[in-house]
Amino acid sequence: MSAVVKDIVLGIPVTKSGSFEEYERAIDWYVKVLGFELIWKMGIASLKLANGQEILLFGEEEDENSIWYTGNVKLNPHYSIQFTTDNIEQLQSDLIRSGVTVGDIHDIGGPDKVMMFYDPYGNRFWACQEK
């Protein structure tokens with residue numbers, strides 16, 4: 001079997017489709033709080049970290065045939081998005097100062113400390129620091 005997959009880009013639902021003011025606030029939050037750079041936007045937004053990793057922000061669709069259909073993702077998150085950091089305590093402080101809902105830092109044994117946090121749109125993320 002040949003490896004044909006080159007990269008993966010994650011799409012994150014941030015608002016209902018058509019809510020343009022909320023969509024602009026979502027882009028701004030990801031840029032200012034998490035340090036993404038806005039690359040382009042045309043109904044969806046492409047954002048990139050300095051290391052080249054990319055995400056797409058989109059508005060949720062209720063049409064099950066849409067590629068942006070999410071179901072009830074807020075009640076049943078079906079994804080896992082993890083950010084890595086060299087200083088989880090600093091990240092936690094920065095997120096709290098920005099008004100983000102942040103969980104406690106847990107030492108899960110072995111090499112990692114982890115914490116959970118949410119964007120303003122209810123998307124759940126993990127942050128991880130390797131020891």
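I take helices (H or I, at least four residues) and strands (E, at least two) as DSSP runs, numbered from the N terminus. The model is predicted, so I kept local features only at pLDDT of at least 70 and side-chain atom pairs only at pLDDT 80 or more, while totals for chains, interfaces and linings use all residues. Residues are numbered from 1 along each chain as its sequence is written, and side-chain values use heavy atoms, with hydrogens and water left out.

**Entry: Ser46**

I looked up Ser46 and found it in strand β3, residues 45–48. Is Ser46 buried or exposed? With a relative accessibility of 1%, Ser46 counts as buried, where buried means under 20% relative accessible area, exposed over 50% and partly exposed in between (1.4 Å probe, protein chains only). I then noted that the side chains of Ser46 and Glu54 are joined by a polar contact of 2.5 Å, a polar contact being a pair of N or O atoms within 3.5 Å in which, within protein, one must be able to donate a hydrogen and the other to accept it, and residues adjacent in sequence count only if both atoms are side-chain atoms.

**Entry: helix α2**

I listed the buried residues of α2 as Ile88, Leu91, Gln92 and Leu95. Seen down the axis of α2, they fall within an arc of 100° (taken from the directions from the helix axis to the C-beta atoms), so they line one face of the helix. These buried residues pack against α1, β6 (101–102), β8 (112–118) and β9 (124–130), with contact meaning heavy atoms within 4.5 Å. Just after α2, I found Gly99 with a positive phi of about 85°.
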